[in-house]
Amino acid sequence: MQSESLYDAARKWFFLIPPIFGPLQFLIDAPFGRFAPSNDSIFVVDGIKSWIVMELVSPISFIAILYRGPWATSSSAKSAPQVILTSLFIIHYLNRAIISPLRTPSRSKSHIAVPLSAVIFNIANGALMGTYLSSPTASAFLAGAFSRPSFWAGVILWACGFAGNILHDEVLLDIRRKSKAKGKRNENKLGKEHYAIPHGYLYRYISYPNYFCEWSEWFGYALAAAPLPAFMSLTETMRTVQPPWLFLWAEVLLMIARAYKGHQWYHKKFPEYPKERKAVVPFIF
């Protein structure tokens, strides 16, 4: 009973916090990436190492809760849809936390506040997702998953978003590889990256297709994994919203300001930047 109360309280706060902190990011620049600190201090950390640490905690907490949490069951007791959804979550973070950063030739330094806040978010999110997938609610919802078109549509959308995320990240990695080959990296010894205008694929329409693809990926995951929350009232929404939808909710609210500010930064830095590009949603925003 205590575990259920803690789980419900965590879901509630995961719903309430992003609408508070998300809009604040329109007012400040998160100190990493193109907004990385320009001075060396004990609070500025390596970009690649901090990225690996802050992302790796999510699958670790997910697996720990999934197999050791309040509703944990053995691997053999999990249904096929649960196994598929578990695999999709781990595949995403295998790429995000290990493969992608190890393939990155360089990454801007970051203020330590960024990885620390990301660690808190990712531990909480991984734990919530692991708790949900092992819960009676998930077991009941996924019992007939293979016969529902929404499950397969969600899995396909997840796969498209995952592939699109990798594809558009590769465009950015190629810019870094070329700049490193030309000796442009760290030419001012500030630990910042060389930036150029990315082209191709969804970059034709938006500045942040990797964000858009990630949102599509987790929308597909939520569609496959959990029932839609009730929208009759705010109280009912908080009571019925499940962690896969909470993850999507948090991602959009916490990333949209960064996409907008980064979009503005591109226009300011590059006078020739395509005027027709939107920030993160094709043709809309």
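Trainee: How do you know what confidence the predictor has in this protein?
Mentor: The model is predicted, and the protein averages a pLDDT of 88. At least 70 is reached by 89% of the residues.

Trainee: What makes residues 185–191 a stretch to treat separately?
Mentor: Over residues 185–191 pLDDT stays under 50. The model has 12 contacts for this stretch beyond four places in sequence. Where pLDDT is low, the predicted coordinates should not be read in detail.

Trainee: Why is the pair H8 and H10 called roughly antiparallel?
Mentor: Helix H8 covers residues 209–225 and helix H10 covers residues 243–269. They pack at an angle of about 165°, and their axes are 9 Å apart. The cut-off for roughly antiparallel is over 145 degrees, so H8 is roughly antiparallel to H10. Their crossing is left-handed.

Trainee: Which residues of H8 and H10 meet?
Mentor: On the H8 side they include Tyr-211, Trp-215, Trp-218 and Phe-219; among those of H10 are Trp-245, Phe-247, Leu-248 and Met-255. The residues of this contact divide into 16 nonpolar, no polar and three charged.

Trainee: Why are H3 and H5 called roughly parallel?
Mentor: Helix H3 (residues 47–68) packs against helix H5 (residues 113–133) at an angle of about 20°, with the axes 7 Å apart. Angles under 35 degrees count as roughly parallel, and H3 and H5 therefore receive that description. H3 passes H5 in a right-handed crossing.

Trainee: What makes up the contact between H3 and H5?
Mentor: From H3 the contact includes Ser-50, Met-54, Glu-55 and Phe-62. From H5 it includes Pro-115, Asn-122, Gly-126 and Met-129. By class, the residues of the contact of H3 with H5 are 12 nonpolar, eight polar and one charged.

Trainee: Why are H1 and H10 also described as roughly parallel?
Mentor: The axes of helix H1 (residues 2–16) and H10 cross at roughly 25° and come within 9 Å. With the limit at under 35 degrees, H1 and H10 are therefore roughly parallel to each other. H1 passes H10 in a left-handed crossing.

Trainee: Which residues form the contact of H1 with H10?
Mentor: Tyr-7, Arg-11, Phe-14 and Phe-15 of H1 make it with Pro-243, Leu-246, Trp-249 and Ala-250 of H10. They divide into seven nonpolar, no polar and one charged.

Trainee: How do you know how many disulfides there are?
Mentor: The count comes to zero disulfides. For Cys-160, the nearest cysteine sulfur is that of Cys-213, 9.2 Å away. A disulfide needs two cysteine sulfur atoms within 2.5 Å, and Cys-160 is therefore in no disulfide. Cys-213 is likewise in no disulfide, with the sulfur of Cys-160 as its nearest at 9.2 Å.

Notes
Residues are numbered from 1 along each chain as its sequence is written. This is a predicted model: local features need pLDDT of at least 70, side-chain atom pairs count only at pLDDT 80 or more; totals for chains, interfaces and linings use all residues. Side-chain values use heavy atoms; hydrogens and water are left out. Axes are lines fitted to C-alpha atoms, for helices over the stretch in contact, and angles run from 0 to 180 degrees between N-to-C directions. Helices (H or I, at least four residues) and strands (E, at least two) are DSSP runs, numbered from the N terminus. Angles under 35 degrees count as roughly parallel, over 145 as roughly antiparallel, 65 to 115 as roughly perpendicular and the rest as oblique. A crossing is left-handed if the near helix is turned anticlockwise from the far one by less than a right angle, and right-handed if clockwise. Contact means heavy atoms within 4.5 Å. Ala, Val, Leu, Ile, Met, Phe, Trp, Tyr, Cys and Pro count as nonpolar, Asp, Glu, Lys and Arg as charged, and the others, Gly among them, as polar. pLDDT is the predictor's confidence in each residue, from 0 to 100.
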